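Subject: Structure for your review, with notes

Dear colleague,

I am passing on the structure below and would be grateful if you could look through it alongside the notes that follow.

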Amino acid sequence: MLVAPSILSANFLKLEEEIKSICDAGADLIHIDIMDGHFVPNLTFGPVVLQNIDKICQKPLDIHLMVENVPFFVDLFAPLKPKYISVHIEETKHLHRVIQQIRNYGISPAVVLNPHTSQENLKYIIKDIDMVLLMSVNPGFGGQKFIPNVIEKIKRLKELILLENPQCLIEVDGGVSDKNILDLKNSGVDIVVAGSYIFSQKDYKQAILSLKQ
Ligand code: DX5
Ligand code: ZN
């Protein structure tokens, strides 16, 4: 299982140091939460910050768009050539078109489901995407409590994936810690995002290892 630390919980006053330490500590991807103050009640990073992060980061970027006007933000961040761009199914009006838009940049498209959204909504799009991101908190903030019914959703999603697109990965985001990592692993998750759990510890390497073991 891969670990993608979310830099939302990093210390922004020493962001360069934080990014370098998390890369050295064994992060597989760097998860970047883009929030616009409309789709979610919070604001985070713009393209200038991300261009600077990209300069010092040796790991692939995993961009999670929590925004309205999704196609605009895809065009804004695609030049950074992240590994993934994830878009929320709840906000993306023409999902199939946006997935092609991401794919045309040579980037892997992923679809995000909020905690209340059923995996059944993916039936006619699952063949076109490389990853599904399941939210295990309501998007907008780090440090929230894990919503346990995501475990059942992972299992149902896994069935759909095996049937329709076995290459498609499952990523889980929100409230991930050493308390739920085993359940996540046993349900078939490929990538976990973890923010507060990792950045609240002194030793990032140990924190990432504790999720991988
Ligand atoms: C929440 C974000 C998450 C967040 C996770 O909207 O999508 O990526 O940073 O933070 P933790 O791991 O603290 O729940
Ligand atoms: Zn996220």
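In this predicted model, Asp-33 is buried and yet takes part in no salt bridge, for the nearest side chain of opposite charge, that of Lys-153, is 16 Å away. Asp-33 has its place in strand β2, which covers residues 30-35. What the side chain of Asp-33 does have is a polar contact with the side chain of His-64, at 3.1 Å. Not counting residues up to four places away in sequence, Asp-33 touches Ser-6, Leu-8, Thr-44, Phe-45, His-64, Met-66 and Asp-173.

Asp-36 lies in the loop that runs between β2 and α2, the latter being residues 47-56. A polar atom of the Asp-36 side chain lies 2.7 Å from the backbone nitrogen of Glu-68. Leaving aside neighbours within four places in sequence, Asp-36 is in contact with Asn-42, Leu-43, Met-66, Val-67, Glu-68 and Phe-73.

A search of the whole structure finds one cavity of 30 Å³ or more, and the volume of the largest cavity is about 220 Å³. The lining of the largest cavity is made up of 25 residues, of which Phe-141, Gly-142, Gly-143, Asp-173 and Gly-174 are the closest to its centre. The elements that give two or more residues to this lining are β2, β3 (61-66), β8 (191-194) and α7 (196-199).

Elsewhere in the chain, Ser-108 is placed in strand β5, residues 108-113, and is buried, its relative accessible area being 13%. The side chain of Ser-108 makes a polar contact of 2.8 Å with the side chain of Asp-130. Asp-130 is accordingly listed among the residues that Ser-108 touches, which, not counting residues up to four places away in sequence, are Lys-83, Tyr-84, Ile-85, Ile-102 and Asp-130. Between Ser-108 and Gln-206, which are 98 residues apart in sequence, the C-alpha to C-alpha distance is 29 Å.

Asn-11, in the loop between β1 (2-5) and α1 (15-24), counts as partly exposed because its relative accessibility is 33%. The C-alpha atoms of Asn-11 and Ser-200 are separated by 9.9 Å, although the two residues are 189 residues apart along the chain.

Asn-69 is found in the loop between β3 and α3 (70-77), and its phi is near 55°, a positive value in a residue other than glycine. With a relative accessible area of 48%, Asn-69 is partly exposed. Lys-81, in the loop between α3 and β4 (84-88), has a phi near 55° too, again a positive value in a residue other than glycine. Lys-81 counts as exposed because its relative accessibility is 55%, and the cut-off for exposed is over 50%.

With best regards

Methods
Residues numbered from 1 in each chain as written. Chains lettered and ligands numbered in written order. Predicted model: local features only at pLDDT ≥ 70, side-chain atom pairs only at ≥ 80, totals over all residues. Heavy atoms only, no water. Helix = DSSP H or I, 4+ residues; strand = E, 2+ residues; numbered from the N terminus. Buried < 20%, exposed > 50% of the residue type's maximum accessible area, 1.4 Å probe, protein only. Lys, Arg positive; Asp, Glu negative; His and termini not counted. Salt bridge = Lys/Arg side-chain N within 4 Å of Asp/Glu carboxyl O. Polar contact = N/O pair within 3.5 Å; in protein donor to acceptor, adjacent residues only side chain to side chain. Contact = heavy atoms within 4.5 Å. 1 Å grid on protein atoms, 1.4 Å probe; cavity = no way out; pocket = protein on both sides within 12 Å on 5 of 7 lines; lining within 4 Å. Points joined across faces, edges and corners; volume = space filled by probe spheres on them.
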